[in-house]
Amino acid sequence: MQHHTRIKICGLTREQDVDAAVDLGADAVGFVLWPGSPRYVTPARAAELIRRLPPFIMAVGLFVNAEPAEVDAAVAQAPLSALQFHSDESPVYCADAGLRLRRQILRAVRVTPELDLLEFGDAYQRAGCAGLLLDAWSEGYGGSGKTFDWALLPETWKNGNGPRLVLSGGLHARNTAEAVMRVRPWAVDVSSGVEAAKGVKDSTKMAEFIAAVRAGDQAVQGAAQKA
């Protein structure tokens, strides 16, 4: 089977950036619905941007410690395909949101050497989460813009077992091919690595990033054929 890493461009705030991400081949686009972020958009603004999407491109809403009523209100306004919880949401919280809102759930985790990733991943997989988004540790929420030590990931996950992994944290065109080759994630998620300024994407950087993902896919496919 041909290796194909899915691509999510997150933190979109402008029409032209949504259009460029789609035209360049992104599988999903993300909207930050947490007011503490410089990339924040209101649910109403997210709805305007989502209306530009063609069929089969996912719209993902990012939340940070939001009350269930706040998430419900956002989903009522913006036709989100999936919800990404990026803070302290428990497995019960995630399971309830998925069932209540009938949306796919992604749970972000800030990776540290002390965290038992196998236990963490198993708990959220049993809660029905569609995937686990891996990010670097930071004091704040909503994405760090830094890489973490990919060697911390369990070896079994790298062989496709366990939760579907969405690799994030400090990715850009210069390191993403290596990330795809080493981690072999289901998807990659980028925000600051393709920006000209916070919330303002650079179409050239997006194109270079997507080309790097495809180069990583080709390297994985080549290694599989030689094995």
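My entries follow, grouped by the part I was looking at.

**Ground rules.** I am working on a predicted model, where local features need pLDDT of at least 70 and side-chain atom pairs count only at pLDDT 80 or more, while totals for chains, interfaces and linings use all residues. Residues are numbered from 1 along each chain as its sequence is written, and side-chain values use heavy atoms, with hydrogens and water left out.

**Entry 1: helix α8.** Does the span of α8 come out as what it should be, or what is it instead? I used 1.5 Å times one less than the number of residues as the expected span. For the 24 residues of α8 (residues 203–226) that should be 34 Å, and the end C-alpha atoms are 35 Å apart, which agrees.

I then looked up what they pack against, with contact meaning heavy atoms within 4.5 Å.

**Entry 2: the start of α8.** For polar contacts I took N or O atoms within 3.5 Å; within protein, one must be able to donate a hydrogen and the other to accept it, and residues adjacent in sequence count only if both atoms are side-chain atoms. A side-chain oxygen of aspartate 202 comes within 2.9 Å of the backbone nitrogen of threonine 204 at the start of α8. Threonine 204 belongs to α8 and is partly exposed, at 47% relative accessibility. I also checked threonine 204 against alanine 20: 184 residues apart in sequence, but 9.6 Å apart in space, C-alpha to C-alpha.

Entry 3: Is aspartate 217 buried or exposed? Aspartate 217, in α8, is buried, with a relative accessible area of 4%. Setting aside neighbours within four places in sequence, aspartate 217 contacts His3, His4, Thr5 and Val180.

Aspartate 17 sits in helix α1 and is also buried, with a relative accessible area of 3%. Its side chain makes a polar contact of 2.9 Å with the side chain of arginine 14. Not counting residues up to four places away in sequence, aspartate 17 touches Leu12, Gly199, Val200, Lys201 and Met206.

**Entry 4: helix α7.** Which residues of α7 are buried? I found Thr176, Ala179, Val180 and Val183. Looking down the axis of α7, these fall within an arc of 95°, so they line one face of the helix; the arc is that of the directions from the helix axis to the C-beta atoms. Arginine 184 follows α7 and has a positive phi, near 55°.

**Entry 5: helix α5.** I repeated the check on α5 (residues 117–126), where Leu117, Phe120, Gly121 and Tyr124 are buried. They cover an arc of only 95° around the axis, which puts them on the same side of α5. Glu119 and Arg126 are exposed, on the face turned away from the buried side of α5. At the start of α5, a side-chain oxygen of aspartate 116 reaches to within 3.2 Å of the backbone nitrogen of leucine 118. Just after α5, glycine 128 has a positive phi of about 95°.

**Entry 6: aromatic rings.** I paired rings of Phe, Tyr and Trp (its six-membered ring) with centres within 6.5 Å; planes under 30 degrees apart are stacked, over 60 edge-to-face and the rest tilted. How many aromatic pairs does the structure hold? I get 3. One of them joins phenylalanine 63 and phenylalanine 85, tilted, at 6.1 Å centre to centre and 50° between the planes. Phenylalanine 63 lies in strand β3 (residues 58–63) and phenylalanine 85 in strand β4 (residues 82–85), so this pair ties together parts that are 22 residues apart in sequence.

Phenylalanine 63 is buried at 1% relative accessibility, and phenylalanine 85 is buried at 0%. Phenylalanine 85 also pairs with tyrosine 93: the centres are 5.1 Å apart and the planes at 85°, so that pair is edge-to-face. Tyrosine 93 counts as buried too, at 19%. I noted Phe63, Phe85 and Tyr93 as one aromatic cluster.

**Entry 7: charges over a ring.** My criterion was NZ of Lys or CZ of Arg within 6 Å of the ring centre and within 35 degrees of the ring normal. The charged end of arginine 6 sits over the ring of tryptophan 186, 4.0 Å from its centre. Arginine 164 also lies over the face of tryptophan 186, at 4.7 Å from the ring centre.

Technical notes:
Helix = DSSP H or I, 4+ residues; strand = E, 2+ residues; numbered from the N terminus. Buried < 20%, exposed > 50% of the residue type's maximum accessible area, 1.4 Å probe, protein only.
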